[in-house]
2 protein chains.
Amino acid sequence: MKKDLKRLLTVLATNIRRLRKDKQLSQEGLAELTGLHRTYVGAVERAERNVTLSTLTSFARALNTSVPDLLLDEGR
Amino acid sequence: MKKDLKRLLTVLATNIRRLRKDKQLSQEGLAELTGLHRTYVGAVERAERNVTLSTLTSFARALNTSVPDLLLDEGR
């Protein structure tokens, strides 16, 4: 996997996990909210999946944020 | 297609087209830079394709921008 894609997926994974925990949701709970499979949510949180914008809008809606914000590196 | 996905794809399409024209690139030129097919670039610029983060990193690299910036609505 290309380096800048891996970096972006890692930022996404970190943001999803943080926002999910802020809402005291399990991966299973987030899976239910998004309509995605629990194992898929886990794979995204491990930065293993090359997600689509469609999937990102589902995460953004469930976590009350925007797609660009899900991709922004908070640590920078 | 869901409304917020369509909105996001339209923002992306507008941004790619604007940045491509700023660089005086044709869709064919952008296709060469990204390694994507010319007809695919055209479909993205018509907001018809649900693109992946991998594809977005290719566009961002070719257009000297970041993936979050490609998804931000400049008009807002």
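Asn64(B) is exposed, having 9 other C-beta atoms within 10 Å, where a residue counts as buried with 20 or more other C-beta atoms within 10 Å of its own, as exposed with 12 or fewer and as partly exposed in between, the C-beta atoms being placed from the backbone. In this predicted model, local features need pLDDT of at least 70 and side-chain atom pairs count only at pLDDT 80 or more, whereas totals for chains, interfaces and linings use all residues. Residues are numbered from 1 along each chain as its sequence is written, and chains are lettered from A and ligands numbered from 1 in the order in which they are written.

Asn64(B) lies in the loop between H4 and H5 of chain B, helices being DSSP runs of H or I of at least four residues, numbered from the N terminus, and its phi is near 50°, a positive value in a residue other than glycine. Most residues other than glycine have a negative phi. Asn64(A), in the loop between helix H4 (53-62) and helix H5 (67-70) of chain A, has a positive phi near 55° and counts as exposed, with 9 C-beta neighbours inside 10 Å.

In the interface, 16 residues of chain B are in contact with 16 residues of chain A (C-beta atoms, placed from the backbone, within 7 Å).

Methods. Two residues are in contact if their C-beta atoms, placed from the backbone, lie within 7 Å. Helices (H or I, at least four residues) and strands (E, at least two) are DSSP runs, numbered from the N terminus.
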